[in-house]
Amino acid sequence: MQPDELDKQAAVEKTHWWFRMRRALLTNGLSSPRLENNSRILEIGAATGGNFQVCQQFGNYYALDLSSYALGVCQGKGIGNLVQHIRQEEQVW
């Protein structure tokens with residue numbers, strides 16, 4: 001995702017219905033399996049880290065994204081455990 005799009009997402013993710021509903025569904029989904037307190041939760045494609053507050057209630061949150069800009073936004077929110085995935089050439093066999 002482009003930096004300007006990430007900035008737009010970060011600006012609305014607390015109040016926009018889509019993000020609020022997604023966090024509600026995530027809360028419901030993480031509540032039902034009764035995770036242990038030290039569980040690890042990996043969000044693949046974390047973008048701006050909008051799910052961090054929900055996920056940290058259920059375990060140790062790890063944010064993975066391709067974008068160093070996105071991970072910088074996460075870091076600016078105080079989110080630790082950031083992982084940048086580097087794309088590699090796909091091999092076709």
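Two residues are in contact when heavy atoms of theirs lie within 4.5 Å. By that criterion, and leaving aside neighbours within four places in sequence, Thr27 is in contact with Val54 and Phe58. The structure is a predicted model, in which local features need pLDDT of at least 70, side-chain atom pairs count only at pLDDT 80 or more, and totals for chains, interfaces and linings use all residues. Residues are numbered from 1 along each chain as its sequence is written, and side-chain values use heavy atoms, with hydrogens and water left out.

**The chain as a whole**

- The chain contains four helices and three strands; helices (H or I, at least four residues) and strands (E, at least two) are DSSP runs, numbered from the N terminus.
- Read from the N terminus, the order of elements is α-α-β-α-β-α-β.
- The C-alpha trace spans about 40 × 35 × 25 Å along its principal axes.
- Of the 93 residues in the chain, 32% are buried; buried means under 20% relative accessible area, exposed over 50%, and partly exposed in between, with a 1.4 Å probe and protein chains only.
- Among contacts between residues at least 6 apart in sequence, 34% join residues at least 24 apart.

**Thr27 and Asn51**

- Thr27 belongs to helix 2 (residues 17–31) and is partly exposed, because its relative accessibility is 30%.
- Asn51 is found in the loop between strand 1 (40–44) and helix 3 (52–56), and Asn51 counts as buried because its relative accessible area is 6%.
- Although 24 residues separate Thr27 and Asn51 along the chain, their C-alpha atoms are 9.4 Å apart.
- Not counting residues up to four places away in sequence, Asn51 touches Arg22, Arg23, Leu26 and Glu43.
- The side chains of Asn51 and Glu43 are joined by a polar contact of 2.6 Å; such a contact is a pair of N or O atoms within 3.5 Å, where, within protein, one must be able to donate a hydrogen and the other to accept it, and residues adjacent in sequence count only if both atoms are side-chain atoms.

**Packing of helix 1 and helix 4**

- Helix 1 (residues 3–12) and helix 4 (residues 68–76) pack at an angle of about 30°, with axes 9 Å apart; axes are lines fitted to C-alpha atoms, for helices over the stretch in contact, and angles run from 0 to 180 degrees between N-to-C directions.
- Helix 1 is therefore roughly parallel to helix 4, a term for angles under 35 degrees.
- Helix 1 contributes Pro3, Leu6, Asp7 and Ala10 to the contact, and helix 4 contributes Tyr69, Ala70 and Val73.

Definitions and conventions
Parallel < 35°, antiparallel > 145°, perpendicular 65-115°, else oblique.
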